[in-house]
Amino acid sequence: MINPRNPLWRFPGLFWVMVLFFAFLYVPIFVLVALSFNANQVATIWTGFSWDWYKGVLDNPNILRAAQNSLIVATAATLLSTLVAVAAAVGMTGRRFRGQNLFNGLVGLPLLVPEIVTAVASLLFFLAIGLQLGLLTVILAHTVFCIPFAYLPIRARLEGLDPRLAEAATDLYASPWHTFRRVTLPLLVPGIVSGAMLAFITSMDDFVITFFVAGAGATTLPVYIFGMIRTGITPEVNAISTLLLGVSVLLVALSFVVGQRGQAR
Amino acid sequence: MATPSREVTSIAGGSARRALERRDLLTRWALILPAGLVLVGLMLLPMLLMALMSWLEPGSFGGVRWGHYTPEAYIKFLFDRNLDDSLSLNTDYLSIFSRSFGLAFITMLITLLIGFPVSLYIALQTPRRRQWLIFLVTIPFWTNLLVRTYAWILLLRNGGLIESGLKQMGLLQGSLDLLYTPIAVQIGLVYAFLPFMVLPIYTSLEKLDWRLLEAAFDLYANRWKALWRVVLPLAAPGVIAGCILVFVPALGTYYIPELLGGAKSLMIGNLIQQQFGASRDWPFGAALSFALLALVLLFMLIYALRFRGKGSLL
């Protein structure tokens, strides 16, 4: 373990690089949030506090429909991807076996392939098999890229479990299914929750793939925001963007807390 | 469903044991199958289809003409076909590719120059502070990039925060004219991918045995020499992983140049999108995507061969 007080580890200037780094990372976010509460319509000058833009967002039926689509897609994709990810993680953990490396490569694919390539490939595929572009195609495409986000935390959690617990259950004449249901699964819950949350955030935030495979009726929030930005900068964009950021931050924080709990136990 | 056993016990003799092992293997495959099918059916298969479609003739209103094979999409990348069917060199697309490479490469360099000191600083903190700082790095990583890119429009545009700030300090007369330039795209790229550089480097620094650094000091190395000769080589897998995690998505980015750049800062992603939008040349779009994919896989392969077994990318 290193002792942070040791003067040997003091590299001059590091602190200031870190300060600049976090400023660079967070100033744009704070500016966006602040401007979403700005009463002034046109300029980026602060004139007073106002909820007007949020009221405007909540009164806009198109935004509400897009938000609803986003929720439907993210929920469906999260459920589907987490379900198959739990099964796969359970199957992959433990002893080594034939076919393991193949799956490892496969599950990493959505993370390694550039998003735009996945988007083009999915679009061409759906059109080639004659599937009408809409919510279904978006859900299918999202399920694919959510799988690694759900899978990796669950897998990590499983690797960290004490194998003796399951062995003890087996010694007490629990069937394999029973052992899984009563011992492994409860211990796995933190991993599943944080995996599902990451999948949910990833799906909520996706723009490029949705942009390609969503038909006219399946506009999600990011796609709608993109359209708004292109037609002109309005304070409503700031408000809806802030809301979307808030949801992500909340979920990341929750996932972080759940993960910490899981480790502490 | 039954859970596979952690190890197939060897109390039973040869054939019984083999039967158990076979059952265990079947269970495992059955568990992996659903995820495997989704990934093969909706990821691998579409990519193969895309490769196939890049060799087809384009339809007149988008789409492709099945069964009509032609290398035209790949010829189009480098040449213009004249009226008399002769080819003349056209470097338009090539220059978009090289611009994308340039922007992605500079992004990688800048994020490395900022990301390494930051990771080092975080790795040298107490475990509690480390956790907080990493949490602060992770938040932007998981929040909507489209929205965060949009925030830069508010900062960079004429009449935006940077311009009015500079004017108030008396550092600027006239307008800033930064938005819709390659510089704006470069800023957006660095901003977007910085966390991708910090996290892997931090992961490799966190595992570092700091006694090695002490040994270097004992042998009269000064701080910078110890950093250069001891810490940096040991952190190399993390540095390389960070470079790939920045370079690859930066190369294929679509909406950062779309929102922050002008016509002169088009990147590969924009070119690809155009083939499915206004240009309506699907085979060309498929060919461009396939070329991008091939390049990315090439980088991965080099990484995998160079750093085999020294910690994975993910």
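Q: Hi! How far apart are the end C-alpha atoms of residues 183-201 of chain A, and what percentage of the span is helix?
A: Those end C-alpha atoms are 29 Å apart, and the stretch is 100% helix and 0% strand. Helices (H or I, at least four residues) and strands (E, at least two) are DSSP runs, numbered from the N terminus. Keep in mind that this is a predicted model, where local features need pLDDT of at least 70, side-chain atom pairs count only at pLDDT 80 or more, and totals for chains, interfaces and linings use all residues. Residues are numbered from 1 along each chain as its sequence is written, while chains are lettered from A and ligands numbered from 1 in the order in which they are written.

Q: What does UniProt call that stretch?
A: An unreviewed UniProt entry annotates it as "transmembrane region", along with other stretches of chain A including residues 12-37. UniProt positions are given in the numbering used here, feature names are shortened, and annotations may be inferred rather than shown by experiment.

Q: And what do residues 12-37 of chain A look like?
A: That span is 88% helix and 0% strand, with its end C-alpha atoms 39 Å apart.

Q: Which domain does the record list for chain A?
A: The unreviewed UniProt entry places "domain: ABC transmembrane type-1" at residues 67-255 of chain A. In the model, this span is 83% helix and 0% strand, and its end C-alpha atoms lie 22 Å apart.

Q: Zooming out, how many helices and strands does chain A have?
A: Chain A has 11 helices and 0 strands. Its C-alpha atoms fill a box of roughly 70 × 65 × 30 Å along the principal axes.

Q: What percentage of chain A is buried?
A: Of the 265 residues in chain A, 46% are buried. A residue is buried if 20 or more other C-beta atoms lie within 10 Å of its own, exposed if 12 or fewer, and partly exposed in between, with C-beta atoms placed from the backbone.

Q: Take A:Phe149, then. Is it buried or exposed?
A: A:Phe149 counts as buried because 25 other C-beta atoms lie within 10 Å. It lies in helix 6 of chain A.

Q: What does A:Phe149 touch?
A: Leaving out residues up to four places away in sequence, A:Phe149 touches A:Gly195, A:Leu198, A:Ala199 and A:Thr202. Here two residues are in contact if their C-beta atoms, placed from the backbone, lie within 7 Å. A:Phe149 and A:Thr202 are 53 residues apart along the chain, with their C-alpha atoms separated by 7.9 Å.

Q: And A:Leu136, where does that one sit?
A: A:Leu136 is in helix 6 (residues 135-160) of chain A. A:Leu136 is partly exposed, because it has 16 C-beta neighbours inside 10 Å.

Q: At what angle do helix 1 of chain A and helix 5 of chain B pack?
A: Helix 1 (residues 14-36) of chain A and helix 5 (residues 145-156) of chain B pack at about 75°, with axes 9 Å apart. Axes are lines fitted to C-alpha atoms, for helices over the stretch in contact, and angles run from 0 to 180 degrees between N-to-C directions. These two helices are therefore roughly perpendicular. Angles under 35 degrees count as roughly parallel, over 145 as roughly antiparallel, 65 to 115 as roughly perpendicular and the rest as oblique.

Q: Which residues make that contact?
A: Among them are A:Pro28 and A:Leu35 of helix 1 of chain A and B:Arg148 and B:Trp152 of helix 5 of chain B. By class, the contact has 9 nonpolar, no polar and 1 charged residues.

Q: Last one: how much of helix 12 of chain B is buried?
A: Helix 12 (residues 268-276) of chain B is mostly covered, with 8 of its 9 residues buried. What covers those buried residues includes helix 5 (115-128) of chain A and helix 3 (92-123) of chain B.

Conventions. Nonpolar A, V, L, I, M, F, W, Y, C, P; charged D, E, K, R; others polar.
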